[in-house]
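I opened this notebook to record what I looked up about charged side chains and packed helices. The entries below follow the order in which I went through the structure.

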Amino acid sequence: MLQILFLAAVAAIVLYQLYATLGRRVGRQPEDAPAAAVPGPAPSAADTHPVLRSEGLAALKSKQPDFDPNKFLTGARSAYEQIVSAYAEGDRETLRPLLSAEVMANFEQAMAAREAAGRTEKVEFLTPPRLDLESIDLVGDSAKAVVRILAEVRTRTKDERGEGVDDRRTAELWTFEREVKSANPNWFLTFVAAAEA
C-alpha cells in the first residue's frame, strides 16, 4: 500500500512538471495580425529584432559571424513544432538530438507516466506559432538564446474513459544553447518556462 501511495505521489509531481513545461492557459493572445504598412525605408534588422542591440549578440557574432537571427528563429520554430509533436507521440528518437540530457530526462518521466496510465496524445497547431528573440548571451564559448513562443494548440487525449479535446493558448520561454566551437550546428533545448501573460 505504501508503495502505491509513493508511486502516485511521483506521478503527481511528474504531471505537474509536465504542465509547467509544456504550457498553460494564458490571457495573452498570439499576435497574428500584420502591422499596417508605414511609408518610408524598410526597417533594418535592428528595428525588427531589438535583441540585435544587445551586447550578447555582438559577442556571439564575434565568435560566429554568420549567425543570423532570422534563420535562427526559423530553425527554432521547426524545433518547437517537432518537440511538441514528438513529445505527444512519445517519439524519443526525435526528441533526443533536440534536448539537453536534463530536459530529456524530464520528458521521459512524463511520457513514461502517461504510457503507464494507458493514455495517448496527439497535438495539432491551430495557428503558426509566433517566435520572438528575448535575449542572447555568450558565456565563454557557450551561447544561450531565449525565445518567447506564443502558440495555439489542440490536444486530443485518449484513455480508457474515452477521448478528450483541449484547445489552449500558451506563452512560453524556451532556452536554446550550443557551443559555438562545436562542429554540430544544432541548438539544444535546455529549459522551458511559462511566460507572463
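Entry 1. I began with the side chains of Asp-141 and Lys-63, which meet in a salt bridge at 2.7 Å from N to O; I take a salt bridge to be a side-chain nitrogen of Lys or Arg within 4 Å of a carboxyl oxygen of Asp or Glu. This pair links distant parts of the chain, 78 residues apart, since Asp-141 sits in the loop between strand 2 (130–139) and strand 3 (142–159) and Lys-63 in helix 3 (residues 55–63). Helices (H or I, at least four residues) and strands (E, at least two) are DSSP runs, numbered from the N terminus.

I noted that this is a predicted model, in which local features need pLDDT of at least 70 and side-chain atom pairs count only at pLDDT 80 or more, while totals for chains, interfaces and linings use all residues. Residues are numbered from 1 along each chain as its sequence is written, and side-chain values use heavy atoms, with hydrogens and water left out.

Entry 2. I then looked up accessibility, where buried means under 20% relative accessible area, exposed over 50%, and partly exposed in between (1.4 Å probe, protein chains only). Asp-141 is partly exposed at 22%, and Lys-63 is partly exposed at 42%. I also found Lys-63, Asp-141 and Lys-181 linked in a network of salt bridges.

Arg-92 forms a salt bridge with Glu-115, with the closest N and O atoms 3.0 Å apart. Arg-92 lies in helix 5 (residues 92–95) and Glu-115 in helix 6, so this pair ties together parts that are 23 residues apart in sequence. Arg-92 counts as buried at 17%, whereas Glu-115 counts as partly exposed at 43%.

The side chains of Glu-93 and Arg-96 meet in a salt bridge as well, at 2.8 Å from N to O. Here Glu-93 is exposed because its relative accessibility is 60%, and Arg-96 is partly exposed at 42%.

Entry 3. Ile-83, Tyr-87, Ala-88 and Glu-89 in helix 4 meet Phe-107, Ala-110, Met-111 and Arg-114 in helix 6, where contact means heavy atoms within 4.5 Å.
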